[in-house]
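Subject: The structure I promised you

Hi,

Here is the structure we talked about.

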Amino acid sequence: MDSLPSPANVISGVGASVSAAAASAATATADAKVASNLASAAGLGDAQYFEESISPATVRSQLSTADPSNPSSTPTLLKGMKWLLACMSKGRDVSDFFPHVVKLVGSQSLEARKMVYLYLVRYSDHDPTCRELALLSINSFQRGLADGEPLIRALALRVLTSVEVRDVLQIQILAVRRCAADTSPYVRKCAANALAKLGPRCAGAQSPHREELLEIMSKLLEEDASTMVLTSAVVAFGELCPDRLELLHPCYRKVCHLLTDMDEWGQVVVLDTLLRYCRRFFREPSARGSGGSAEAVDRERRVRRTVRGGIAGRPRQGAGE
């Protein structure tokens, strides 16, 4: 007959099992913490905002009751804004949240303000209701132009210039003029992009507002040395006054010098503009006694040019036969 295990052995076995379970639980907790940290670092934690389980009514309630001046409400604001941006990325119309979002411009959180401005850029001119609410918040957008963060200043300018109402055109031009002298190249680039946006709203070629835009554009072309700003300024030139190529006289050499440092898309636009400039202002040099023909100029410069299968200035084989 088998002997029963002693109480000491039973207690020892139970202790070992408990220790093993505790170690396993500790390992699982550590693994979960590591996974959570990795997900947070990789931005995977925000994937929940793309799910369909979040109720729009809940988000609306959170945004309407949150106090932007209270730092304790920042987590709630961030959750609501992340859900709205997720919906925007999926192509959903969330313009009905505009009244709740526009009041959050003065939030204490920099991250929340960035997301608020991204939303406002998209919907500030969506419909008459959004346009009217945006007009009521013009002062808030103007305060954003003085923010310490360059991205906030740029986004505030984009929102301010997105409102297509002629009554605030002068305010928009003043904001563009201010941002065109900003210390940040990105803000100046956004100011140059705003010139192209405001151009169609200045009716008439002799409009004083259009002349103000041309003045700002000319100053950017002449004085700015940033390639991203020059690219946007040349694009604005193509929108405002594509035929007034004489405005490029002061900056022609600088643009040619910086052309290789511009991005590929900017180079396409700048090259097209420079090509039209050269065709208008660079004339073919006239050779002495040659009448200015291309073949005569080539002969004087000892350049061989192929003409109809032969060489300019030389008879083709069999021409005298």
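The crossing of α12 and α14 is left-handed, a label used when the near helix is turned anticlockwise from the far one by less than a right angle (right-handed if clockwise). Before I go on, this is a predicted model, where local features need pLDDT of at least 70 and side-chain atom pairs count only at pLDDT 80 or more, while totals for chains, interfaces and linings use all residues. Residues are numbered from 1 along each chain as its sequence is written, and side-chain values use heavy atoms, with hydrogens and water left out.

Back to that pair. Two packed helices are described by the angle between their axes and the distance between the axes. Helix α12 covers residues 227–240 and helix α14 covers residues 264–281; they pack at about 55°, with their axes 9 Å apart. Axes here are lines fitted to C-alpha atoms, for helices over the stretch in contact, and angles run from 0 to 180 degrees between N-to-C directions. The two helices are therefore oblique to each other. The cut-offs are: under 35 degrees is roughly parallel, over 145 roughly antiparallel, 65 to 115 roughly perpendicular, and the rest oblique.

Which residues in α12 and α14 meet? From α12 there are T231, V234, V235 and F237, and from α14 there are G266, V269, V270, T273 and R276. Contact means heavy atoms within 4.5 Å. By class, the residues of this contact are five nonpolar, three polar and one charged. For the classes, Ala, Val, Leu, Ile, Met, Phe, Trp, Tyr, Cys and Pro count as nonpolar, Asp, Glu, Lys and Arg as charged, and the others, Gly among them, as polar.

Helix α12 also packs against α11, at an angle of about 150° and with the axes 9 Å apart. That makes α11 roughly antiparallel to α12. This crossing is left-handed. On the α11 side the contact is made by R210, L213, L214, M217, L220 and L221, and on the α12 side by V229, L230, A233, V234, A236, F237 and L240. Those residues divide into twelve nonpolar, no polar and one charged.

Helix α10 (residues 185–198) and helix α11 (residues 208–223) pack at about 150°, with their axes 10 Å apart. They are therefore roughly antiparallel to each other, and α10 passes α11 in a left-handed crossing. A192, L195 and L198 of α10 meet L213, I216, M217 and L220 of α11. Seven nonpolar residues make this contact, with no polar and no charged ones.

Zooming out, the protein has 15 helices and two strands. Both are DSSP runs numbered from the N terminus: helices are H or I with at least four residues, strands E with at least two. Of its 321 residues, 38% are buried, where buried means under 20% relative accessible area, exposed over 50%, and partly exposed in between (1.4 Å probe, protein chains only). Among contacts with a separation of 6 or more, 64% are between residues 24 or more positions apart.

Which residues touch the most other members of the largest nonpolar core? They are Y119, L120 and F141, in a core of 80 residues. A nonpolar core is a set of buried Ala, Val, Leu, Ile, Met, Phe, Trp, Tyr and Cys residues joined through side-chain atoms within 4.5 Å. Leaving aside neighbours within four places in sequence, Y119 is in contact with M81, L84, L85, M88, V94, S95, F97, F98 and V101.

- L110 is in helix α5 (residues 110–123) and is partly exposed, at 33% relative accessibility. Its C-alpha atom is 8.4 Å from that of E149, 39 residues apart along the chain.
- D147 sits in the loop between α7 (138–144) and α8 (150–162). D147 is buried, at 18%, and beyond four places in sequence it touches R113, I152 and R153.
- A175 lies in helix α9 (residues 169–180) and is buried, at 4%.
- A66 is in the loop between α2 (56–65) and α3 (74–89) and is buried, at 10%.

Cheers
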